[in-house]
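Dear colleague,

I am handing over the structure below, and my notes on what was found in it follow directly after.

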Amino acid sequence: MLSRLMSSSIRSLDRECNCTVRLLDDSEYTCTIQRDAKGQYLFDLICHHLNLLEKDYFGIRYVDPDKQRHWLEFTKSIAKQMKSQPPFTMCLRVKFYPPDPAALKEEITRYLVFLQVKRDLYHGRLLCKTSDAALLAAYILQAEIGDYDPGKHPEGYSSKFQFFPKHSEKLERRIAEIHKTELIHFAPSHGYIFFQQKQLYQVSSSSDW
């Protein structure tokens with residue numbers, strides 16, 4: 001009897017696997033799924049965890065054993081797509097940028113898209129005019145530290161933040177100038193303030209993690 005129970009328990013464990021999904025704020029969501037679970041099941045778990053209703057903009061990315069990156073297909077088995085042994089590690093990312101960010105209804109959606117824009121800006125995957133890049137970076141700065149305070153923010157304070165892979169001192173000064181003069185008292189929660197502006201960004205086709 002005991003051996004049958006142990007055998008049943010082992011078979012049950014064999015049918016399960018652990019998944020870790022890295023979220024856009026760099027936290028991790030870990031869960032246990034059935035080996036035959038499809039991508040949609042995992043995606044729904046994450047959306048429920050985040051209380052994310054506007055799901056259509058998001059997807060799950062993973063790296064295969066050949067170091068190639070893919071979007072997880074929701075209609076197919078997760079284990080078969082990963083082509084590797086569990087535990088599985090994946091990332092939640094924005095798959096489609098909204099054409100009009102200001103039209104997003106949910107605060108959490110705006111926040112997550114903001115984090116993706118911030119990430120793409122930092123890794124050089126976001127293409128925009130220098131003036132728009134300065135504005136985006138100033139909004140991020142406002143989100144990070146709030147209003148400019150000369151007592152707390154000495155000359156060159158913006159240089160402590162890495163908004164781009166590289167940038168000039170001129171751009172850095174422009175970022176600080178916008179932050180000092182145009183964004184005072186403009187700090188809604190979660191730092192998605194740049195969504196008051198429209199069509200500021202264009203993400204390159206090589207957009208990645």
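Predicted model: local features only at pLDDT ≥ 70, side-chain atom pairs only at ≥ 80, totals over all residues.

The largest pocket lies between domain 1 (14-94) and domain 2 (101-193), because both of them give residues to its lining; the domain bounds come from an automatic or database domain assignment. Here a pocket is, on a 1 Å grid over the protein atoms alone, an open set of points where a 1.4 Å probe fits, with protein on both sides within 12 Å along at least five of seven lines, and lining residues have an atom within 4 Å of a point.

Residues are numbered from 1 along each chain as its sequence is written, and side-chain values use heavy atoms, with hydrogens and water left out.

The volume of the largest pocket is about 250 Å³, taken as the space filled by probe spheres set on the points, which are joined across faces, edges and corners. Its lining has 14 residues, of which K118, R119, Y122, E144 and Q162 are the closest to the centre. Helix 4 (107-122) gives the largest share of that lining, five residues, and helix 5 (130-145) supplies at least two; helices are DSSP runs of H or I with at least four residues, numbered from the N terminus.

As for confidence, the mean pLDDT of the protein is 81, and 82% of its residues reach 70 or more.

Best regards

Methods
pLDDT = per-residue confidence, 0-100.
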